Amino acid sequence: MGRPHLPAGLAGLLGVLLNVVAVAALQVVPHTYRPGDVPAWLAETVAHPGATTVSAWAFTVGLVALAAFCAGLAFAVRSPWVVVGACLFGFGALLDAAGTMGPLAALHVDPATGVGLLWMSLLLDSAFNGLLGLGLICFAIGLPADWPKALRVLAALAGVVSLPVALQFSSDDFARLLAVAGPLWLVWVTGASVVLLRRAPQG
């Protein structure tokens, strides 16, 4: 128990890293997670099986790591609002992880089924962004005063910006908000993970 917060900090950084890897891999799939033309998303997915495989695995493992980070954060802080936020964020991450293998599965089925799998992945990702937004707002409320004020402010900002991304299944316009919301919450997780790592020696 000499470094009880170390695993949570490392899990957070791993989650961030793998999400960045997944997004980078999908640069060749411009219609990814956008509802405007899911058949085009499927065509691009089939045309780039390597990128699809890398992104699917990176997203899945990264999201599970983020759920572990949330559990560790709740253990470290033990504030009621942080516990609620960790449940929302963490469950949303696991829910999303259940769908991020969908594009990989779409490589091995007929086109109609493939489109259905991509829609399921999109819907679960939408749910994650909504739960993520609520969780971050809870963190903004519940993080104690000895945490950096900038992290509390960033949690609130990232949470508010992430909420409308829950509607990404309905419009490409909402999906485009990920370009803003994604970096904000990834920076927040990175900062919170660093705080946990720095506090690890004190237990």
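Modeller: Here is the pocket to begin with. Helices H1, H3, H6 (111-142), H8 and H9 (178-199) each supply at least two residues of the lining of the largest pocket. Keep in mind that this is a predicted model.

Colleague: Which helix gives the most to that lining?

Modeller: H9 does, with 6 residues.

Colleague: And how much space lies in the largest pocket?

Modeller: About 640 Å³. The pocket is lined by 25 residues, and the closest to its centre are Val 23, Thr 32, Phe 59, Leu 178 and Ala 179.

Colleague: What does the lining of the largest pocket look like by class?

Modeller: It has 15 nonpolar, 6 polar and 4 charged residues.

Colleague: Now cavities. How many are there of 30 Å³ or more?

Modeller: The count is 1 cavity.

Colleague: Which residues line the largest cavity?

Modeller: Among them are Leu 26, Tyr 33, Trp 41, Phe 59 and Pro 103. Helix H2 (38-47) and helix H3 (49-77) each supply at least two lining residues. The largest share comes from H3, with 4 residues.

Colleague: You listed Tyr 33. Where is Tyr 33 found?

Modeller: Tyr 33 is in the loop between H1 and H2. Its phi is positive, about 55 degrees, although Tyr 33 is not a glycine.

Colleague: Is Tyr 33 buried or exposed?

Modeller: Tyr 33 is buried, because its relative accessible area is 8% and buried means under 20%.

Colleague: Which other residue has a positive phi of about 55 degrees although it is not a glycine?

Modeller: Arg 78. Its place is in the loop between H3 and helix H4 (80-97). Arg 78 is exposed, with a relative accessible area of 57%.

Colleague: Changing topic, how many salt bridges does the structure hold?

Modeller: It holds 1 salt bridge. The side chains of Arg 176 and Asp 173 meet there, at 2.6 Å from N to O.

Colleague: How far apart are Arg 176 and Asp 173 in the helix?

Modeller: They are 3 residues apart in helix H8 (residues 172-176), so about one helical turn separates them.

Colleague: What about the surface? Which residues form the nonpolar patch?

Modeller: Leu 14, Leu 17, Val 21, Val 54, Trp 57 and Val 61 form that patch, with about 520 Å² of accessible area together. Helix H1 (6-25) and H3 are the elements that give two or more residues to the nonpolar patch.

Colleague: Last one, Ala 68. Where does Ala 68 lie?

Modeller: Ala 68 also lies in helix H3. It counts as partly exposed, at 40% relative accessibility. The C-alpha atoms of Ala 68 and Leu 94 are separated by 9.7 Å, and these residues are 26 apart along the chain.

Note on methods: Residues numbered from 1 in each chain as written. Predicted model: local features only at pLDDT ≥ 70, side-chain atom pairs only at ≥ 80, totals over all residues. Heavy atoms only, no water. Salt bridge = Lys/Arg side-chain N within 4 Å of Asp/Glu carboxyl O. 1 Å grid on protein atoms, 1.4 Å probe; cavity = no way out; pocket = protein on both sides within 12 Å on 5 of 7 lines; lining within 4 Å. Points joined across faces, edges and corners; volume = space filled by probe spheres on them. Patch = residues over 30% accessible without salt bridge, like charges linked within 9 Å, V, L, I, M, F, W, Y side chains within 5 Å. Areas by Shrake-Rupley, 256 points an atom, 1.4 Å probe, with all protein chains shown as cover. Buried < 20%, exposed > 50% of the residue type's maximum accessible area, 1.4 Å probe, protein only. Nonpolar A, V, L, I, M, F, W, Y, C, P; charged D, E, K, R; others polar.
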